[in-house]
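These are my notebook entries on a few places I looked up in one structure.

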Amino acid sequence: MRYKYFQPLEALIQKATGVKPSLNNRIKHLKLGEKLNLGFGTLVVLTFLVVGRTYLSSVQATANINQTQTVRMPSALASATAQTNLLRMLSDVRGYLATGDSEYRFRYQKTRQSFETDLTMLNDLLSDQATSKNQQQLQNLKQIYQQWSVLPDRLFKLYDDTIENQPALKLLDQEGELLIVGISNQMQQMLEEQEGQLASAEAAILFRDMLEFRNSFALLVSALRTYIVVREPTFRFEYGRNLQANRQAWERLTQKKNEMTLSQQASLQKIAQQRQSFLNLPETMFKAVASDRYRNDLYLFNSEAEPLATEMLSILNEIVQDQQTALTQELEVGNASLTDAQWKNLFTGLIAVGLSVGMTVFFRRHIAQPVQRLTEATSRITAGDFDVSAPVESQDEIGQLALTFNQMTKSLKESRDQLEHYNRNLEHEVRDRTQELQEKNQQLEQAFDDLKQTQAQLVQTEKMSSLGQLVAGIAHEINNPVNFIHGNVNFVDQYAQDLLGLVHLYQLQYPEPGLEIQDRLKDIDFQFLETDLTRVLASIKVGTERIREIIKSLRLFSRLDEAEVKNVDLHEGIDSTLMILQGRLKAKTDRPAIEVIKHYGALPKVECHAGQLNQVFMNLLSNAIDALEESNHDRSFTTIEQQRNTIWIQTEVMKNDRVKITIADNGIGMSEVVRSRLFDPFFTTKPVGKGTGLGLAISYQIITEKHNGQLYCDSTPGKGTRFCIEIPKQQPFA
């Protein structure tokens with residue numbers, strides 16, 4: 001009857017061991033060693049099944065983690081780096097077209113190599129992935145890059161060829177120059193012929209009219225050429241004024257046609273034809289200058305280079321998003337694999353424990369009980385009493401069997417303990433790896449956010465860098481000829497005085513000059529020339545001094561020729577900034593000049609980034625001028641004159657070994673809500689197109705991060721605004 005309770009267990013063992021029916025009879029006939037071999041073999045198989053399943057689950061989870069570390073994250077980072085390098089290439093091309101500085105071309109070539117290296121890395125990483133979407137995107141990116149890569153060299157070539165690059169200048173060079181030379185040659189012939197006929201007053205007046213026409217035509221051509229090159233409206237206005245003067249001179253000259261010789265009349269007829277042909281050209285040139293194809297390199301950059309670059313950035317952004325999505329999915333699969341491994345380990349362990357208990361009961365019935373019955377029978381036989389049973393205390397085979405069984409039980413318990421310990425260690429390791437992956441994912445998201453902010457600030461940084469280099473370059477190029485002129489004015493003055501002295505000496509020696517000399521003295525108005533020459537030379541000297549002061553202010557503002565960190569005079573930087581802004585400070589038709597009141601303290605030289613600090617001064621002073629101009633709306637000239645627009649600049653040394661610069665104005669002020677967001681990136685109260693919202697944010701970064709200082713603002717609506725800068729005299733990193 002007891003055997004029926006073990007039938008299900010025997011069926012389970014039959015499936016596990018492959019033993020055929022009539023198991024009970026077969027086991028009864030097995031030897032003791034064979035029974036033990038059967039039990040231990042079954043336990044070994046179960047142990048290998050548990051360990052193998054655990055190993056396979058851990059291998060799958062590790063594969064997912066390795067896939068994330070070796071493919072997904074490098075692919076996303078390589079795509080982000082490629083985006084940055086592409087933006088740098090676009091910025092370098094734009095910088096060269098704006099300034100012509102060869103440094104931009106060198107940086108472009110270097111960045112281009114880095115970008116192509118990024119594409120190669122992406123190709124290697126994406127080629128091992130099963131999905132073909134990113135591979136197709138990368139193929140499209142390569143095709144677009146092949147189209148884009150030939151554009152920069154074309155743009156550089158166009159920039160270097162000024163005539164080919166500017167259609168208006170090309171038209172002037174190909175058609176206008178021939179007409180200009182023809183008119184000048186014909187006019188020179190008329191003047192030379194007229195110069196020999198200056199005996200009468202009428203001939204002299206005609207000669208003067210010819211000179212006026214030639215000079216006004218030369219000024220007209222000069223203004224036209226300058227406007228085409230620089231596109232400054234002032235020169236177009238000057239062209240119109242010179243054109244009017246030239247028309248008046250031409251009318252006076254044609255009215256005196258009858259006073260000319262036949263050859264002069266023929267030359268005048270040719271000039272009329274050539275002049276009319278030339279005057280038909282400027283309107284076409286003005287249309288070319290006003291069109292978006294004023295410069296072919298800029299048109300090609302805006303119409304082809306930028307759209308292709310935008311398309312490449314979009315593809316790279318899609319690759320980054322796809323890799324991030326795949327990264328998230330693989331992390332989810334890894335977590336699912338680890339959870340599945342835990343459940344499988346638990347289920348397999350429970351089966352192993354159940355089988356172990358079942359096998360213990362089973363072998364107790366087939367080994368222990370028969371041995372016990374055999375011992376009882378032996379004792380009964382020895383004692384003569386078959387009903388008495390005796391305990392087993394011998395060290396023979398029966399004792400070894402009991403000891404082996406106990407060892408087997410103990411071994412099974414140790415195996416189970418080791419398996420549980422291994423499972424706990426695996427769970428800890430999985431939690432640690434999962435946490436590490438989550439931290440790396442957060443770092444990657446932070447890197448994406450930083451990249452977006454860097455892209456937004458890159459435009460402003462490149463703009464200020466290009467402005468500084470452009471200002472320094474212009475100052476350097478103008479400085480050489482101005483120094484040459486300034487250095488030779490004194491010599492010209494001395495030579496003029498010597499020549500005038502020589503003329504006076506001739507007048508003393510020859511008080512009665514000939515008729516030709518007397519006529520020449522009257523024509524040139526020698527007395528006026530003698531008086532005015534000294535004033536002209538003095539004016540030239542004053543003008544060159546003024547230009548040298550402006551150049552000095554430009555070079556002080558840009559600071560490109562100095563070390564990055566240097567002891568400088570902050571007052572020089574403020575004064576140079578005010579010199580640059582002088583055009584905005586001076587009086588206009590609708591308001592008087594803005595008054596600047598300076599209260600400079602005895603500042604020592606301060607260790608700082610001079611160029612960056614000048615940028616802060618420029619931002620604060622420009623904002624002050626904007627606030628004053630905004631406060632002048634709906635105010636008359638008289639009202640503004642009574643309450644003058646004023647900017648106060650004060651410097652002082654503080655007790656804590658710091659210096660303080662205060663810039664205040666009596667403009668419209670600002671509300672507390674605006675003031676609280678004043679240093680936020682991209683926050684601006686100016687109309688669209690007049691402000692980016694980065695000026696004060698960058699200024700705040702320069703003061704706080706680059707100079708370990710403070711920048712704060714006090715403002716009252718309707719009363720004005722005050723900005724305060726505090727920086728240490730010596731930087732801690734020096």
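**Entry 1: Arg94**

I looked up Arg94 and found it partly exposed, because its relative accessibility is 38% (buried means under 20% relative accessible area, exposed over 50%, partly exposed in between, with a 1.4 Å probe and protein chains only). This is a predicted model, in which local features need pLDDT of at least 70 and side-chain atom pairs count only at pLDDT 80 or more, while totals for chains, interfaces and linings use all residues. Residues are numbered from 1 along each chain as its sequence is written, and side-chain values use heavy atoms, with hydrogens and water left out.

Arg94 sits in helix α3, residues 32-99 (helices are DSSP runs of H or I with at least four residues, numbered from the N terminus). Leaving aside residues up to four places away in sequence, I found Arg94 touching Phe301 and Glu306 (contact means heavy atoms within 4.5 Å). With Glu306 there is also a side-chain to side-chain polar contact at 3.0 Å (a pair of N or O atoms within 3.5 Å; within protein, one must be able to donate a hydrogen and the other to accept it, and residues adjacent in sequence count only if both atoms are side-chain atoms). I also noted that the C-alpha atoms of Arg94 and Leu298 are 8.6 Å apart, although 204 residues separate them along the chain.

**Entry 2: Gln194**

Is Gln194 buried or exposed? I found it buried, with a relative accessible area of 1%. Gln194 belongs to helix α8, residues 167-195. Its side chain reaches the backbone oxygen of Ala203 at 3.0 Å. Not counting residues up to four places away in sequence, Gln194 touches Ala203, Leu206, Phe207, Met210 and Gln264.

**Entry 3: α17 and α19**

I then checked how helix α17 (residues 570-580) meets helix α19 (residues 610-631): their axes come within 10 Å and cross at roughly 45 degrees (axes are lines fitted to C-alpha atoms, for helices over the stretch in contact, and angles run from 0 to 180 degrees between N-to-C directions). The two helices are therefore oblique to each other (under 35 degrees is roughly parallel, over 145 roughly antiparallel, 65 to 115 roughly perpendicular, and the rest oblique). Residues of α17 in the contact include Leu570 and Ile574, and those of α19 include Phe617 and Leu621.

**Entry 4: α10 and α11**

Last, I looked at helix α10 (residues 233-255) and helix α11 (residues 262-279), whose axes come within 13 Å and cross at roughly 160 degrees. I therefore wrote them down as roughly antiparallel to each other.
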